[in-house]
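Here is a short report on a strand arrangement and its connecting helices. Please keep the sequence and the 3D view open while reading.

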Amino acid sequence: MKIKNILVSQPTPAIMEKSPYYEIVQKHGAKVEFHPFIKVVAVSSKEFRSQRIDILAHSAVIFTSRTTIDSFFRICDESRISIPDSMKYFCSTEAIALYLQKYIVYRKRKIFFADGSFANLMEIIQKHKEEKFLLTLSEPHKPELPLAMEKAKLNFDKVILARTVSADLGNIDVHNYDMLVFYSPSEITSLISVCNDINGSPKIATFGHGTVKAAIEAGLTVSVMAPTPEVPSMTKAIDLYIKKIAAGEQVAPVVLTESPETEYIKKQEAKPVKRSKTSSASADKPKSSVRKTADKRM
């Protein structure tokens with residue numbers, strides 16, 4: 001099956017020539033269209049207040065998306081909350097950290113960002129165990145980050161600042177495409193709500209473990225997945241898949257494996273518990289000497 005028409009569940013790029021998908025168009029002559037399957041809606045001030053979260057009771061905020069940044073500062077503005085200069089910001093990527101410039105003077109604040117990996121974000125957060133964190137989330141969200149923070153015994157509160165809802169797909173017929181590309185589990189949910197008769201056509205491409213997991217659990221066959229060590233981006237994965245199909249190769253469906261986040265949590269749980277020197281010395285001390293000490297006191 002040739003891949004000639006691709007639908008990507010993302011907003012249309014402002015300049016197509018600068019989109020990574022332009023390479024797919026140029027190299028393979030494929031037609032690429034864009035249409036979001038979901039939209040993210042910020043919570044209202046009333047919904048925020050119902051969560052009973054005191055922002056100023058926290059010394060650090062964790063952001064994993066630009067949407068929650070927008071919602072956070074809008075709520076602060078509407079609630080007349082003045083964020084102190086001492087507030088620290090932890091972001092999952094540099095791009096998200098740079099987005100903070102929309103609201104704060106970047107160079108004057110304490111901002112930390114990871115390389116996009118779950119393990120690196122947790123490593124950075126754990127270097128600041130003394131902070132009281134506010135973990136900003138969208139609903140639905142992956143449970144691994146709050147779970148890992150709980151297991152690390154960090155002091156934090158969760159707050160929902162945005163909700164994901166299905167976009168209007170009334171004018172979309174997915175059977176007109178050879179491949180559908182998804183970036184989040186919510187997009188899979190939106191697809192199934194309007195079309196549940198996909199049996200290998202169109203092909204499904206997914207980005208991220210959570211997305212492939214949602215697709216497989218929904219009964220879909222996933223043909224392309226990213227990121228992997230071989231293909232770090234979605235467009236590279238699609239490019240490789242099209243090349244293999246054109247060469248007449250049989251490409252096996254994607255098989256669900258354990259997520260990097262789950263692997264990280266299991267590794268942390270498997271680590272031996274460090275005993276303090278005091279307790280270690282007490283445990284190693286012979287029982288007879290302990291009795292002698294007690295006898296002398298008597």
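The text below covers a sheet, its crossovers and one further helix.

This is a predicted model.

| Strand pair | Sense | Bridges |
|---|---|---|
| β1 (residues 5-8) and β9 (residues 179-182) | parallel | three bridges |
| β9 and β10 (residues 203-207) | parallel | four bridges |
| β10 and β11 | parallel | four bridges |

Leu7 has Leu180 of β9 as its bridge partner. Met179 has Lys203 of β10 as its bridge partner. Ala205 stands opposite Val224 in β11.

In a regular strand, side chains alternate between the two faces of the sheet.

Which hand does the unit of β9, α7 and β10 have? With helix α7 (residues 185-194) between the two strands named, this β-α-β unit is right-handed. The unit of β10, helix α8 (residues 209-217) and β11 is also a right-handed β-α-β unit.

Now to helix α6, which spans residues 144-151. Its buried residues are Glu144, Leu145, Pro146, Ala148 and Met149. Lys153 follows α6 and has a positive phi, near 60 degrees.

How values were computed:
Residues numbered from 1 in each chain as written. Predicted model: local features only at pLDDT ≥ 70, side-chain atom pairs only at ≥ 80, totals over all residues. Heavy atoms only, no water. Buried < 20%, exposed > 50% of the residue type's maximum accessible area, 1.4 Å probe, protein only. Pairing = 2+ DSSP bridges. Right-handed = clockwise from strand over helix to strand, strands pointing away.
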